[in-house]
Amino acid sequence: MQAFKESILQLITETSTNLPADVRKAIKKSRELENAGTRSALALSTICDNIQMAEENVSPICQDTGMPTFKIKVPVGANQIEMSKAIREAIVEATQKGILRPNSVDSLTGENSGNNLGEGVPVIHYEQWEKDEVEVRLILKGGGCENKNIQYSLPCELEGLGRAGRDLDGIRKCILHSVYQAQGQGCSAGFIGVGIGGDRTTGYELAKKQLFRHLDDTNPNPKLAELEEYILEKANTLSIGTMGFGGEVTLLGCKIGAMHRIPASFYVSVAYNCWAFRRQGVTIDPKTGKITRWLYQSDEKVDLQVKEENDAGSAENTRTVELHTPITEEQVRQLKVGDIVIINGPIYTGRDAIHKHLMDHDAPVDLNGGVIYHCGPVMLKDQDGNWHVKAAGPTTSIREEPYQGDIIKKFGIRAIIGKGGMGKKTLQALKEHGAVYLNAIGGAAQYYADCITSVDGVDFMEFGVPEAMWHLQVKGFAAIVTMDAHGNSLHEDVDKTSLEKLAELKDPVF
């Protein structure tokens, strides 16, 4: 079991820090297809740099290492109790090493266990088979893309597409709508797994199971194979693009499975996964506990670099503005959607717990003219008690919509950094009080960690590492203005355009 634990630790490390070959190929293809000099092209360039940095640093590709979900096939007679114990030990060790972020939170108390263990965590599914080997597959699916999962109950009415009936064309409409509704909040360009049928629970389980398939496989059901190809083609006409910036590539993969249902229920369940598609698998010798084969690795080295012309130039209609915190209202009012902003100086992280707390309490630091970064970093403390950043990409901002406008007004905040954009209440507050929303590249946790020069302090550690307020010094921290102080929102513009393009796909196909 000690060797088995070490094998699982190796699997966790590889999954968190190194994307499999089929995912790399899909990302490289998207980079080749994207128009040179666009915001999406620049975002893809950053993503590729981040992938390389994560592999070299053996650090998380994305700071949100998600809910570890294992799918395991075992020979008859395998001791699943002891295997589960070894898996949990490996999870704890991976957390201590900064390979996983402590993500297990008590739903009633809000307390973070600190070691990624808890009721129902990690998720482990066992299945017996007749082979004399153990197959372990692992997926690390972060909260940003998990929150864009969606389930449809047919028949239903869909925005832009009209009625979706209980037939293949209704299924088609649901899947297209699932891509549209994710926009940039799920860190597009993304991947989807689809489950047709079942009940509400098994439908989602089937959808997530599809994410374990190789991207270049062919569905054994001809109708589903045709539908997979259709969705991949048409979803990329929606012009949502990388990070929701607009562009040519919105979806990188689509896998669909179907199961029986009861007459009264007809569900289409969609599991959305971000570009940081972290899933790996191994076979293990049950006698030695050692890895015998990797399931998603390839002897072919996938070079993510492309011809220089694909990245040539700067993003369309943009300029670069360098700012040092604290920022003045005058500086903010001069910014407009599309500007690239380079931040230097102190910034402060703040997620769900911090925003809720600040609504009714004073801040522990002076936030006037300051920057709040929607981020839950991976942090490690050294022997001298100093904190170091292992990964620090942005989290999805829309969760803070109920609070953000009030907090901007209360504390005089000038910039919010996050991903996926925010809503009308925040947009109004930006305009009224003089602030901007800066969209960082979701999942680029190594790229942004490299911009952090020091950790100057931390408040509210009782909320757990991801939810604490970290005091960070940054240099060369780049993000794009997607909501400005003049009432303009790139996110609203892309949503409107993509809805119009979605409506063009309304007519029946199958």
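**Figure 1. Residue classes lining the second largest pocket.** In this predicted model, the lining of the second largest pocket comprises 11 nonpolar, eight polar and eight charged residues. The second largest pocket holds about 630 Å³ of space. Its lining counts 27 residues, and Lys29, Leu215, Asp216, Leu232 and Leu252 are the closest to the centre. Three elements each supply at least two lining residues: helix H2 (21-33), helix H8 (222-235) and strand E8 (251-258). H2 gives the most to this lining, with seven residues.

**Figure 2. The largest pocket and its lining.** The volume of the largest pocket is about 940 Å³. A total of 47 residues line the largest pocket. Nearest its centre lie Arg101, Asn103, Val105, Gly143 and Arg351. Sorted by class, the lining has 14 charged, 20 polar and 13 nonpolar residues. Strand E1 (67-75) and helix H5 (143-146) each provide at least two residues of this lining. H5 gives the most, with four residues.

**Figure 3. An open sheet of five strands.** Read across the sheet, the strand order is E2-E1-E3-E10-E11. The pairing is mixed. Strand E2 (123-129) and strand E11 (291-294) stand at the edges. Each of these two has a single partner strand, so one side of each has no neighbour in the sheet. On average, neighbouring strands of this sheet are turned by 20° against each other, direction ignored.

**Figure 4. The pairing of E1 with E3.** Strands of a sheet pair through backbone hydrogen bonds, in either a parallel or an antiparallel sense. E1 and strand E3 (residues 134-141) pair in the antiparallel sense. Seven bridges join E1 and E3. Ile72 stands opposite Val136 in E3. E1 also supplies at least two residues to the lining of the largest pocket.

**Figure 5. Packing of helix H11 against helix H12.** Helix H11 (residues 401-411) packs with helix H12 (residues 424-433) at an angle of about 10°. Their axes are 8 Å apart. Angles under 35 degrees count as roughly parallel, so H11 is roughly parallel to H12.

**Figure 6. Residues at the contact of H11 with H12.** On the H11 side, the contact involves Glu401, Pro402, Gln404, Gly405, Asp406, Ile408 and Lys409. These residues meet Lys424, Lys425, Thr426, Ala429, Leu430 and His433 in H12. By class, the residues of this contact divide into five charged, four polar and four nonpolar.

Key. Residues are numbered from 1 along each chain as its sequence is written. This is a predicted model: local features need pLDDT of at least 70, side-chain atom pairs count only at pLDDT 80 or more; totals for chains, interfaces and linings use all residues. Side-chain values use heavy atoms; hydrogens and water are left out. On a 1 Å grid over the protein atoms alone, a cavity is a set of points where a 1.4 Å probe fits but cannot get out, and a pocket is an open set with protein on both sides within 12 Å along at least five of seven lines; lining residues have an atom within 4 Å of a point. Grid points are joined across faces, edges and corners, and a volume is the space filled by probe spheres set on the points. Ala, Val, Leu, Ile, Met, Phe, Trp, Tyr, Cys and Pro count as nonpolar, Asp, Glu, Lys and Arg as charged, and the others, Gly among them, as polar. Two strands pair if DSSP finds at least two bridges between them. Axes are lines fitted to C-alpha atoms, for helices over the stretch in contact, and angles run from 0 to 180 degrees between N-to-C directions. Angles under 35 degrees count as roughly parallel, over 145 as roughly antiparallel, 65 to 115 as roughly perpendicular and the rest as oblique. Contact means heavy atoms within 4.5 Å.
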